[in-house]
Amino acid sequence: MPTVLRHGRWRFFFYSNEGSEPAHVHVESAGRTAKFWLTPVALVGSNRVRPDELRAIERFVKQHRTSLLEAWNDHFRR
């Protein structure tokens with residue numbers, strides 16, 4: 001479960017057994033979680049994350065989409 005980025009209290013990571021799914025990133029902090037597709041960036045689901053935080057996280061994912069996709073491809077295309 002490689003951590004790809006950290007932003008504030010949020011950790012962005014992949015589960016190593018999800019390479020057959022479309023490119024996505026999981027985000028977690030203090031038991032709160034979210035999952036975003038990367039192409040295009042879209043919220044898949046969340047648990048206990050406030051709407052304003054989801055919007056901020058989505059903006060961050062959009063800003064870092066290229067590096068997240070590169071990390072996804074590096075990890076799952078080895």
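Which residues does His-75 touch, not counting those up to four places away in sequence? Here are a few notes on that and on some backbone details.

This is a predicted model, where local features need pLDDT of at least 70 and side-chain atom pairs count only at pLDDT 80 or more, while totals for chains, interfaces and linings use all residues. Residues are numbered from 1 along each chain as its sequence is written, and side-chain values use heavy atoms, with hydrogens and water left out.

1. His-75 touches Pro-2 and Ser-16, where contact means heavy atoms within 4.5 Å. With Ser-16, the His-75 side chain also makes a side-chain polar contact of 3.1 Å (a pair of N or O atoms within 3.5 Å; within protein, one must be able to donate a hydrogen and the other to accept it, and residues adjacent in sequence count only if both atoms are side-chain atoms). His-75 itself sits in helix H2, residues 65-76 (helices are DSSP runs of H or I, at least four residues, and strands are runs of E, at least two, numbered from the N terminus).

2. Do have a look at the peptide bond between Thr-39 and Pro-40: it is cis, with omega about -10°. Pro-40 belongs to the loop between strand E4 (32-38) and strand E5 (41-47).

3. Ala-30, not a glycine, has a positive phi of about 50°. You will find Ala-30 in the loop between strand E3 (24-29) and E4. Ala-30 counts as exposed because its relative accessibility is 63% (buried is under 20% relative accessible area, exposed over 50%, partly exposed in between; 1.4 Å probe, protein chains only).

4. Arg-48 is another non-glycine residue with a positive phi, about 70°. Its place is the loop between E5 and helix H1 (51-63), and Arg-48 counts as exposed at 58% relative accessibility.
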